[in-house]
Amino acid sequence: MNALPPALDKLATLLSRLPGVGKRSAMRWAFHILGEPSTYAESLARALGELFEHVGFCERCHALAEDALCAVCQDGTRERTVCVVESAQDVIAIEQTGSYHGLYHVLHGVLAPLKGVGPDKLRLDGFEARLRDVDAVEVILATSTDVEGEATALYLGQRLGPTGVAVTRIATGIPMGGDLEYLDQSTLARALAGRRAMD
Ligand SMILES: [Zn+2]
């Protein structure tokens, strides 16, 4: 006999799909939520509902945004440098270093030919036009230092060659294979400061 109420089982199953959460943790969380005052579950449900209602992606740089444009794109004081990153989380990690004052462009992925991910799957439509619009003086390629991140940087370096905009790559100091979002702030700030021109 299954003594588990279906509603609790359903919640645990949904929670178990989160990264790093196994079935046992999911069940523990579900029981924990049940043990809290019902206002907690209500707030949680409301926050989840509002996520898709209020958080979207900036139409210009594809970072997280609550309006059509993200806070960075709305800030007229940012420098005319465009930092290209893989994910919206990378923007948050770089902003937290407090050492970068330019703009961003979020690819929402990396090139992975073996998985069928070509340039058409990345958010690159109109990228060159955007560089002209903001009169960019430099593009910093801040993709990861794993094989796919390097391949993406190489591709972009070649693609942006004709634009005449200076193209740089973040420095090592990022461990090979490292994902930006997991770096500590000083390593990330150093990698940005030590960027070098693409060959
Ligand atoms: Zn933006």
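Which residues of helix 1 (residues 6-15) are buried? In this predicted model, the buried residues of helix 1 are Leu8, Ala12 and Leu15. Seen down the helix axis, these residues fall within an arc of 65°, so they line one face of helix 1. An α-helix has 3.6 residues a turn, so residues three or four places apart point the same way. The cover over the buried residues of helix 1 includes helix 2 (23-35). On the face turned away from the buried side, helix 1 carries the exposed residues Pro6, Ala7 and Lys10.

The model also holds a zinc ion, coordinated by four cysteine SG atoms at 2.3 Å.

| Donor residue | Donor atom | Distance to zinc |
|---|---|---|
| Cys58 | SG | 2.3 Å |
| Cys61 | SG | 2.3 Å |
| Cys70 | SG | 2.3 Å |
| Cys73 | SG | 2.3 Å |

The spacing of these donor residues in sequence is C-x2-C-x8-C-x2-C. Cys58 and Cys73 link distant parts of the chain, 15 residues apart: Cys58 sits in the loop between strand 1 (56-57) and strand 2 (64-65), while Cys73 belongs to helix 4 (residues 71-74). Cys58 and Cys73 are both buried. Around the zinc ion, the four donor atoms subtend angles of 102 to 117°, which makes the arrangement tetrahedral. For four tetrahedral donors the ideal angle at a metal is 109.5 degrees.

As for the overall layout, the domain assignment of the protein gives domain 1 (6-54) and domain 2 (74-197). Taken over C-alpha atoms, the centres of domain 1 and domain 2 are separated by 34 Å.

Notes. Residues numbered from 1 in each chain as written. Predicted model: local features only at pLDDT ≥ 70, side-chain atom pairs only at ≥ 80, totals over all residues. Heavy atoms only, no water. Donors = N, O, S within 2.8 Å, 3.2 Å for Na, K, Ca; no water. Tetrahedral: all angles 85-135°; square planar, octahedral: opposite > 155°, others 65-115°. Helix = DSSP H or I, 4+ residues; strand = E, 2+ residues; numbered from the N terminus. Buried < 20%, exposed > 50% of the residue type's maximum accessible area, 1.4 Å probe, protein only. Domains from an automatic or database assignment. Arc of directions from axis to C-beta. Contact = heavy atoms within 4.5 Å.
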